[in-house]
Amino acid sequence: MSSCANTIDPVPLPSSPHDSTIVSCVGALQTEGDILVRSNGIREVFGASGKGIKVGVIGNGAESLEVSQRLGELGPVTVFERGNGDEGTAMLEIIHDIAPDAELFFHAYGGSSDEFKHAVSTLADAGCRIICDDLYFFRQPFLEDGDVADHIREVLKNHPDCIYVTVSGNFASLHYQKPWKPGIRIGPDQTVHDFGDGYAAVPMILMPGDEVIVTLQWDDPWGGAVHDYDLFLTDPRLGEVIATSMNIQEETGEPFEHLVFRNDLNESRRVSLSIVRNGENRTPSILEMFIRNIDARQVETDIVKDPADSIFGHAALEEVITVGSVGINMPYSISPDSSRGPVTIRIPEPARRWKPDICAPTNVQVSGAGSFPVPFPGTSAAAPHVAGVLAQLLSSFPDVSRDELISALYANAFDLGEPGWDPTYGYGLIDAIKTFQALLERRTNI
């Protein structure tokens, strides 16, 4: 592991197969950044440049960091683990554009939730006042806090000056959350879920080369599942099952099913997705399912296109800042795939969490180092805008507490959607100037 700035040799991830349960939040809409959040105003007028503030980024990789530096898009960066790809490079560039004097750090997520937790601890222990990530772990609980969320909460408890920024996610387009409803019985101990509106299965079209990913969870305790569900993908034309996820919950203890299927045909293919429950079928459960890697228009029913409550994992923590993404043009509409709240927690006790917290622009210009897509899309591009503004504010008001700064950020956002907080935009679009003015007035009145 390297702890010096400008590491020359990339550190590769382990040569294991790609884990489709871990994703970063790159999306597909266009917008801009610095001017829209008005960070340029406090930098040019008040000199708010992030000086003296350490900002850490966790992403897939920063392989082409030196390319970005040669282009003048980045200054020095302390690299702990290089990783693969250049999403981290792009995130660092956004923060550098907004807070050019901030001291930047990078740690790749490492390919697993355990390595990710190590990255969080490393950056916090290095003195980062702000940590920004864009990772989602689909093998973390949807309906309770998992070990990643617990770890971040503990790190923030032990580092009271550290602010954690993460993405709301890009999973609003194909999301389903409803109670279990028994439908067709297909055997003495197997019952098909009734999705409602006459659907016993979700019909979809897979184009040649499409790889659809489906993750299902339900509200049994993680590690102590008592119900057993399976996922089936069938070809209705042939009457054949073509893919399944049939984890045995008594063995895994996880209320988790994960199906991956690639259409290797040279033509489009109609398929049907079913949820099957094994054993007793009357006790109600909350089912939550995400379909990824295909366009929502390929799914022929709106029953699985519910954006509400599509935030989960450590993004659901009350202790972190959860960032959604908006477009550039008035009225700054939410990106169609930007995940929304509120968040349902079922274990250990039923609760609601009011996420997301705030929004920022997506699809901004970056260097494209390492052939990274330009403009940079998704909530992955939105979150570093917030991290950059926080660095500006902390450099200008070093004595402000974490809670006071976050409260000022929310109270002075440009309100979007319903008045006040709402489950689509949170408190609205981050506004650097209004927040700076509020903190300045507070300091003047003390």
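How many aromatic pairs does the count come to? The count is 23 aromatic pairs, taking ring centres within 6.5 Å as the cut-off. Bear in mind that this is a predicted model.

I will take one of those pairs in detail. Phenylalanine 171 and phenylalanine 290 have ring centres 6.1 Å apart, and their planes stand at 75 degrees, so the pair is edge-to-face. The cut-off behind that label is over 60 degrees.

Where do phenylalanine 171 and phenylalanine 290 sit in the chain? Phenylalanine 171 is in the loop between strand E7 (163-167) and strand E8 (175-179). Phenylalanine 290 belongs to strand E17, residues 286-292. As for accessibility, phenylalanine 171 and phenylalanine 290 are both buried.

The two rings also belong to a cluster. Its members, linked by ring pairs, are Tyr136, Phe138, Phe142, Phe171, Phe290 and Phe312.

Now to the helices. Helix H7, residues 379-396, packs with helix H9, residues 432-445. The angle is about 20 degrees, and the axes are 11 Å apart. Angles under 35 degrees count as roughly parallel, and H7 and H9 are therefore roughly parallel to each other. The crossing of H7 past H9 is right-handed.

Which residues make the contact? From H7 they are Val389, Leu393 and Ser396. H9 supplies Ala432, Thr435, Phe436, Leu439 and Arg443.

Notes. Residues are numbered from 1 along each chain as its sequence is written. This is a predicted model: local features need pLDDT of at least 70, side-chain atom pairs count only at pLDDT 80 or more; totals for chains, interfaces and linings use all residues. Side-chain values use heavy atoms; hydrogens and water are left out. Axes are lines fitted to C-alpha atoms, for helices over the stretch in contact, and angles run from 0 to 180 degrees between N-to-C directions. Helices (H or I, at least four residues) and strands (E, at least two) are DSSP runs, numbered from the N terminus. Angles under 35 degrees count as roughly parallel, over 145 as roughly antiparallel, 65 to 115 as roughly perpendicular and the rest as oblique. A crossing is left-handed if the near helix is turned anticlockwise from the far one by less than a right angle, and right-handed if clockwise. Contact means heavy atoms within 4.5 Å. Rings of Phe, Tyr and Trp (its six-membered ring) pair if their centres lie within 6.5 Å; planes under 30 degrees apart count as stacked, over 60 as edge-to-face and the rest as tilted. Buried means under 20% relative accessible area, exposed over 50%, partly exposed in between (1.4 Å probe, protein chains only).
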